[in-house]
Amino acid sequence: MADEIELKTAPADFRFPTTNQTRHCFTRYIEFHRCVAAKGDESNECERFAKYYRSLCPGEWIERWNEQRENGTFPGPL
């Protein structure tokens, strides 16, 4: 029998009560990068934030934000 894949998304967050999850996505992306900056790339503590933003954010946004971070033009607070 093949291995089962369990899909999960970010848990509900009272800061984002509406169905539009754009702000939730952006916040989780920032939380992940702040965590990595504070705890290092190898920290398992940051992995939950990575899972959250990856489940909420469209891949095109993540690619664009990563490019902007690399170029120093990311609009968010990191």
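**Overall architecture**

What pattern does the chain follow when read along the sequence? The chain follows the pattern α-α-α, and its secondary structure comes to 3 helices and 0 strands. Helices (H or I, at least four residues) and strands (E, at least two) are DSSP runs, numbered from the N terminus.

The structure is a predicted model, in which local features need pLDDT of at least 70 and side-chain atom pairs count only at pLDDT 80 or more, while totals for chains, interfaces and linings use all residues. Residues are numbered from 1 along each chain as its sequence is written, and side-chain values use heavy atoms, with hydrogens and water left out.

**Dimensions, surface and charge**

The C-alpha trace of the chain spans about 45 × 35 × 25 Å along its principal axes. Of the 78 residues of the chain, 32% count as buried; here buried means under 20% relative accessible area, exposed means over 50%, and partly exposed lies in between (1.4 Å probe, protein chains only). The chain exposes about 6100 Å², of which carbon and sulfur atoms supply 49%. Accessible areas come from the Shrake-Rupley method with a 1.4 Å probe, and for residues only the protein chains shown count as cover.

**Helix H1 and its packing**

Helix H1 covers residues 22-39, which is 18 residues. From its first C-alpha to its last, H1 reaches 26 Å, close to the 26 Å expected at 1.5 Å a residue; the expected span is 1.5 Å times one less than the number of residues. Just after H1, Gly-40 takes a positive phi of about 100°.

The buried residues of H1 include His-24, Tyr-29, Ile-30, Phe-32 and Val-36. The buried residues of this helix pack against helix H2 (47-56) and helix H3 (59-71). Among contacts in the chain (heavy atoms within 4.5 Å) between residues at least 6 apart in sequence, 54% join residues at least 24 apart.

**The disulfides**

A search of the whole structure finds 2 disulfides, a disulfide being a pair of cysteine sulfur atoms within 2.5 Å. With the bonded cysteines numbered in sequence order, the pairing is 1-4, 2-3.

Cys-35 is in helix H1 and Cys-46 in the loop between H1 and H2, 11 residues apart. The torsion about the S-S bond of Cys-35 and Cys-46 is about -85°, so this disulfide is left-handed. Cys-35 counts as buried because its relative accessibility is 8%, and Cys-46 is buried with a relative accessible area of 2%.

Glu-63 is found in helix H3. Glu-63 counts as exposed because its relative accessibility is 54%. Glu-63 and Arg-15 are 48 residues apart in sequence and 25 Å apart in space, C-alpha to C-alpha.
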